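Let's take a look at how side chains from separate stretches of a protein chain come together. Have the structure open while you read.

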Amino acid sequence: MQPRVGIDGARTCIFCPAALRPGTRSREHVFPDWILRHFQIGDHVIAPQVWNSGEATSPVRRDPLDRFTLGEICVECNTGWMSRLEEKLKPPLLALSNGERHLTDLTHGEQSIVSRWAVKTGLDRKSTRLNSSHLVISY
């Protein structure tokens, strides 16, 4: 995924045409804080690796999941529709993870929320500079 650039040469948000400048650029957590806290995995380390000819190279870097953020999203998107989507996601996802509900119990509306969040999170991940890497999570 190539960086989006506006008419004035400034990078733009991956979800809207807003220019990313100081005050408009957000630090979006690829994995939301509330999920990391719920599953107690914020300190788990990711070590992105590049694959060449089927073999992994040394990790590019090592970061705890709670520091895996990207700056290609504007404040308005992050604190607006993305925040509202995650708030709607919490009840069904937490119920599923706690074994209180099953996937087949989700309403069509809840299925849509989970699907939208999964796509948003995939796009977040794809927009990182590690888009040619595979994430290896260490425990």
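Trp 81 counts as partly exposed, because its relative accessibility is 32%, in a model that is predicted. The search of the whole structure turns up two aromatic pairs. In the pair of Phe 15 and Trp 81, the ring centres sit 5.1 Å apart and the planes make an angle of 85°, so this one is edge-to-face. Phe 15 is in the segment before strand S1 (25–29) while Trp 81 belongs to helix H3 (residues 81–97), so the pair ties together parts 66 residues apart in sequence.

Now for the charged side chains. There are seven salt bridges in the structure, and here are three of them:

| Salt bridge | N to O distance |
|---|---|
| Glu 72 and Arg 25 | 3.9 Å |
| Lys 120 and Glu 28 | 3.3 Å |
| Arg 101 and Glu 110 | 2.7 Å |

Arg 25 and Glu 72 are also joined with Arg 11 into one network, through salt bridges that share partners. Glu 72 is buried at 12% relative accessibility, whereas Arg 25 is partly exposed at 34%. Lys 120 and Glu 28 are both buried. Lys 120 lies in helix H4 (residues 108–127) and Glu 28 in strand S1, so that pair ties together parts 92 residues apart in sequence.

What about strand S6? S1 and S6 run antiparallel and are joined by four bridges; in one of the pairings, Glu 28 has Leu 70 of S6 as its bridge partner. Six of the six residues of S6 (residues 69–74) are buried, so the strand is largely enclosed by the rest of the structure.

Methods. Residues numbered from 1 in each chain as written. Predicted model: local features only at pLDDT ≥ 70, side-chain atom pairs only at ≥ 80, totals over all residues. Heavy atoms only, no water. Phe/Tyr/Trp six-rings, centres within 6.5 Å; stacked < 30°, edge-to-face > 60°. Helix = DSSP H or I, 4+ residues; strand = E, 2+ residues; numbered from the N terminus. Buried < 20%, exposed > 50% of the residue type's maximum accessible area, 1.4 Å probe, protein only. Pairing = 2+ DSSP bridges. Salt bridge = Lys/Arg side-chain N within 4 Å of Asp/Glu carboxyl O.
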